[in-house]
Amino acid sequence: MNRLLLVAFPEPYRSRQGEELLACLAEAYPGRSWPPPREVVALARAGVQARARAVVDDTARPWWLDGIHLTALVLATLALVPYLQDVWHWALHIDPGRHAIAFHFSGWYPWARGPGTRTRLLPYGLLPLVCLIALLRGKLWIALPAAATMIYAGATFNSNTFFGDEGKAGLGYYGLGAPITARDLMLSGALCTACAVLAVCRPGRLRRHSYRWLVPVVLAMFMAGGLHIISISPAFQRGLFALEVAALIAAWVATSATGDYRWLIPVAAVAFIRTQAIVIQPNGFMQSLPDMVVLLLLIAPLPVLAIAAQRRQSRALLE
């Protein structure tokens with residue numbers, strides 16, 4: 001089990017010092033397959049710092065371009081989250097029945113007709129999924145049309161039945177209870193803008209990530225589709241909130257270790273999109289916490305990351 005901790009470190013580090021680290025853990029904690037929680041946290045933090053330094057040391061692309069790429073990946077993931085169950089059921093030809101996502105046309109498919117439902121060709125969730133995979137591999141010629149189609153699907157929800165009504169009339173909840181529908185074009189518009197900027201700025205320079213990064217996505221789809229956990233269930237919300245907190249902590253650790261601002265860009269984009277959703281649709285806000293508390297939690301990470309980057313740069317100058 002100790003080998004799982006090495007995943008937090010970049011591959012060059014694992015090749016050079018992985019066996020040495022495993023030997024140290026075996027010596028420090030004999031007979032244990034897993035170190036104490038404090039040691040796990042320390043190793044995870046060291047791994048994030050090592051990955052962050054490796055990213056900053058790679059000068060093949062400017063920091064802001066990498067930050068916009070990260071922003072596009074985060075926004076595509078955010079757009080996919082409410083439709084994990086839907087895409088899983090569609091891909092495996094599963095009739096969700098009463099477990100369908102609670103939208104107007106409750107998840108019916110061309111092979112699963114029901115009374116009062118309309119057939120649709122594709123689920124809306126395929127669009128952010130295709131966009132996410134293309135962004136991971138740096139294929140902007142695929143990601144940009146997928147993001148543009150998301151805008152089209154949201155703008156024509158009253159007349160376009162290609163994707164059905166699913167995911168466009170119902171609410172998708174994003175952490176902290178901010179409701180965002182597909183017809184709210186801020187999310188898809190921001191994603192499309194990020195993809196357009198990346199396409200203009202020489203996409204050949206983009207970082208290409210391994211398909212292994214899709215393993216958590218497939219696992220999330222399996223859990224949502226196999227266990228019928230919809231995006232408005234408390235379990236789904238608590239799990240998403242925990243993942244977001246972990247991501248923010250990782251961004252803070254990376255920023256504190258390097259003094260680089262690239263991780264501030266996706267955090268700012270997500271905060272802006274969620275804040276405008278709450279401000280524009282206050283009546284649709286899911287009252288998981290008081291409004292001001294949620295807004296504070298959304299905005300607070302921005303100055304925290306900025307201060308962490310500034311302090312790290314100041315220490316580097318003194319050194």
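Reader: Which residue takes a positive phi just after α8, and at about what angle?
Author: This is a predicted model. Helix α8 covers residues 185-200. Just after α8 comes a residue with a positive phi. That residue is R202, at about 50°.

Reader: Which residues of α8 are buried?
Author: Buried means under 20% relative accessible area. An α-helix has 3.6 residues a turn, so residues three or four places apart point the same way. In α8 the buried residues are L187, S188, G189, L191, C192, A194, C195 and L198.

Reader: Is T71 buried or exposed?
Author: T71 sits in helix α4, residues 63-80. The cut-off for buried is under 20% relative accessible area. T71 has 6%, so T71 is buried.

Reader: What separates the C-alpha atoms of G47 and A8?
Author: G47 is in helix α3, residues 37-57. G47 is buried, at 0% relative accessible area. Leaving aside neighbours within four places in sequence, G47 is in contact with A8, F9 and P10. G47 and A8 are 39 residues apart along the chain, yet their C-alpha atoms are separated by 4.6 Å.

Reader: How many aromatic pairs are there?
Author: Two rings pair if their centres lie within 6.5 Å. By this rule the count is three.

Reader: Why is the pair of Y83 and Y124 edge-to-face?
Author: Planes over 60 degrees apart count as edge-to-face. The ring centres of Y83 and Y124 are 5.3 Å apart. Their planes stand at 70°, so the pair is edge-to-face.

Reader: Which parts does the pair of Y83 and Y124 tie together?
Author: Both residues are buried, Y83 at 2% relative accessibility and Y124 at 3%. The two parts are 41 residues apart in sequence. Y83 lies in the loop between α4 and α5, and Y124 in the loop between α5 and α6, so the pair ties together those two loops.

Reader: Which helices hold W88 and F222?
Author: W88 and F222 form an edge-to-face pair, 5.9 Å centre to centre with 75° between the planes. F222 is partly exposed, at 46% relative accessible area. The pair ties together parts 134 residues apart in sequence, because W88 lies in α5 and F222 in α9.

Reader: Which residue lies over the face of Y211?
Author: A charge over a ring must be within 6 Å of the ring centre. R262 over W263 is one such case, at 5.8 Å. Over Y211 the distance is 4.7 Å, and the residue is R137.

Reader: What share of the contacts with a separation of 6 or more comes from residues 24 or more positions apart?
Author: The chain has 13 helices and two strands. Buried residues make up 46% of its 319 residues. Among contacts with a separation of 6 or more, residues 24 or more positions apart account for 74%.

Key: Residues are numbered from 1 along each chain as its sequence is written. This is a predicted model: local features need pLDDT of at least 70, side-chain atom pairs count only at pLDDT 80 or more; totals for chains, interfaces and linings use all residues. Side-chain values use heavy atoms; hydrogens and water are left out. Helices (H or I, at least four residues) and strands (E, at least two) are DSSP runs, numbered from the N terminus. Buried means under 20% relative accessible area, exposed over 50%, partly exposed in between (1.4 Å probe, protein chains only). Contact means heavy atoms within 4.5 Å. Rings of Phe, Tyr and Trp (its six-membered ring) pair if their centres lie within 6.5 Å; planes under 30 degrees apart count as stacked, over 60 as edge-to-face and the rest as tilted. A charge sits over a ring if NZ of Lys or CZ of Arg is within 6 Å of the ring centre and within 35 degrees of the ring normal. The expected span of a helix is 1.5 Å times one less than its number of residues.
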